[in-house]
Amino acid sequence: MAEFWLISAPVDKSNQQLWERMNTVTTKANLSSNFKFTIPDLKVGTLDALVSLSDELGKLDTFAESVLKKIAHSVSDMMEDSEDKVQENLLANGVDLVTYLTRFQWDMAKYPTQQSLQTLSEVMSKQITQIDTDLKARSVAYSNIKASLQGLERKAMGNLLTRTLTDIVNKNDFVLDSEYLTTLLVVVPKVICCHIILIILFLFCRANYVTWQKTYESLSDLVVPRSTKKIMEDSEGGLFTVTLFKKAVDEFKAKARDKKFAVREFNFNEKELQSEKEEMTRLAADKKQQYDTEFHLASKGFCLIDKLLLVIPLSNCSGIVNESGGFIKAPWGGCWLAAEGPLLRWLKVNFSEAFIAWIHVKALRVFVESVLRYGLPVNFQTVLLQPNKKSVKRLRDVLNALYKHLDGVAAASVVDVCIYFTLKTRQWCLVLNILKI
């Protein structure tokens with residue numbers, strides 16, 4: 001996590017000398033790394049509009065931060081098996097966040113400087129709000145898939161009394177379509193008594209199965225002899241079938257319960273079992289599709305992606321594919337094109353858009369606060385400082401000493417901000433924003 005301070009100070013002859021001195025002192029003493037942060041000339045408007053906009057931008061700043069957090073959390077959630085690669089997928093305009101910030105340039109195409117400050121704020125707000133709305137819809141859909149899949153997975157991982165039997169039983173294990181006979185499933189526990197030493201455990205479990213084999217026919221006079229079969233075993237017990245007359249089911253269940261054998265309620269329905277199996281397969285595929293990278297063959301210079309025919313020059317197929325997508329050369333002269341799942345791709349694109357908008361909101365805040373503090377005409381400089389973690393206090397002392405003449409009272413009340421992805425504005429001797437990314 002990197003911490004940045006975004007500061008501005010008025011420019012005149014004396015302050016320009018102080019500015020140069022600040023750069024010299026902080027860099028030579030290794031207190032911070034300093035970067036230019038250029039904010040273009042924007043339309044100022046009226047004083048009332050600036051005061052109102054100052055409050056609105058504060059709220060927008062907080063909102064943009066919360067949206068970024070939610071997107072980052074969603075990316076992390078989707079990449080739960082590759083958490084170490086989450087950070088490298090959170091980029092801004094194709095570069096890492098620190099690089100984008102230290103090389104910041106105002107995006108004239110998205111936020112034309114001919115527009116008023118209020119209009120620029122509304123454009124940024126609308127953009128971030130739309131991303132937040134889309135994120136909620138996509139997150140709900142993905143969460144529903146994930147929750148449904150987890151529910152089925154929990155059923156598949158339970159014990160023999162509760163787990164799904166989709167992948168365990170088949171129609172050959174049951175007597176079906178009989179007017180008089182039925183097949184029950186019985187769970188025979190391996191261990192009835194606790195605190196059994198390990199050496200005896202295997203013999204005891206085996207003996208318990210033998211007990212079942214010897215007694216199941218006596219649990220009712222209407223049990224079909226030699227009809228039991230073990231079809232599954234886990235760490236707690238075994239699952240056995242037994243066939244008997246339907247009218248003896250209640251008697252059999254009662255006597256089995258007395259012997260510590262549990263009859264599982266189950267009616268074999270091949271269509272329902274197949275439907276459950278297909279549902280789990282579908283949900284697993286849907287979840288995987290949202291994240292996993294797919295590879296499409298382009299052996300003749302083209303490939304089909306999302307039902308679109310994309311022409312790919314084979315001369316561009318010499319790269320090595322990576323986790324974020326790219327080309328990998330095929331041995332027959334073609335290439336594979338890597339394409340990410342739609343949700344992960346959307347998250348990455350909109351994280352970038354939201355982060356860019358967020359930094360522009362900060363730039364706009366610095367501009368508005370600087371005009372309100374230093375007045376007209378607009379004449380201030382903005383710089384981005386990356387403090388050395390071990391020299392934060394000393395850096396603050398240096399800035400206090402250099403700029404205390406602007407506002408000594410405010411300088412004494414600065415409070416650190418220590419929240420991930422957080423920017424807070426503090427009224428200091430100069431406009432100060434602390435940004436942690």
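Student: Which residues form one aromatic cluster here?

Tutor: Keep in mind that this is a predicted model. The cluster is made up of F37, Y100, F104, F351, F355 and W358. Across the whole structure, a search turns up 14 aromatic pairs. Take W212 and F252: the ring centres sit 6.5 Å apart with the planes at 85°, so you'd call this pair edge-to-face, given that anything over 60 degrees gets that label. W212 belongs to helix 6 (residues 198-215) and F252 to helix 7 (residues 249-258), so the pair ties together parts that are 40 residues apart in sequence. As for solvent, W212 and F252 are both buried.

Now for some helix packing. Helix 2 (residues 47-78) packs with helix 9 (residues 342-374) at an angle of about 155°, and the axes are 8 Å apart. That makes the two helices, helix 2 and helix 9, roughly antiparallel, since the cut-off for that term is over 145 degrees. The crossing of helix 2 past helix 9 is left-handed. If you sort the residues of the contact between helix 2 and helix 9 by type, you get 24 nonpolar, four polar and five charged.

One last stop, in strand 1 (residues 3-10), where E3 is found. With a relative accessibility of 18%, E3 counts as buried, because the cut-off is under 20%. The side chain of E3 also has a partner: a polar contact of 2.6 Å joins it to the side chain of W5.

Methods. Residues are numbered from 1 along each chain as its sequence is written. This is a predicted model: local features need pLDDT of at least 70, side-chain atom pairs count only at pLDDT 80 or more; totals for chains, interfaces and linings use all residues. Side-chain values use heavy atoms; hydrogens and water are left out. Rings of Phe, Tyr and Trp (its six-membered ring) pair if their centres lie within 6.5 Å; planes under 30 degrees apart count as stacked, over 60 as edge-to-face and the rest as tilted. Helices (H or I, at least four residues) and strands (E, at least two) are DSSP runs, numbered from the N terminus. Buried means under 20% relative accessible area, exposed over 50%, partly exposed in between (1.4 Å probe, protein chains only). Axes are lines fitted to C-alpha atoms, for helices over the stretch in contact, and angles run from 0 to 180 degrees between N-to-C directions. Angles under 35 degrees count as roughly parallel, over 145 as roughly antiparallel, 65 to 115 as roughly perpendicular and the rest as oblique. A crossing is left-handed if the near helix is turned anticlockwise from the far one by less than a right angle, and right-handed if clockwise. Ala, Val, Leu, Ile, Met, Phe, Trp, Tyr, Cys and Pro count as nonpolar, Asp, Glu, Lys and Arg as charged, and the others, Gly among them, as polar. A polar contact is a pair of N or O atoms within 3.5 Å; within protein, one must be able to donate a hydrogen and the other to accept it, and residues adjacent in sequence count only if both atoms are side-chain atoms.
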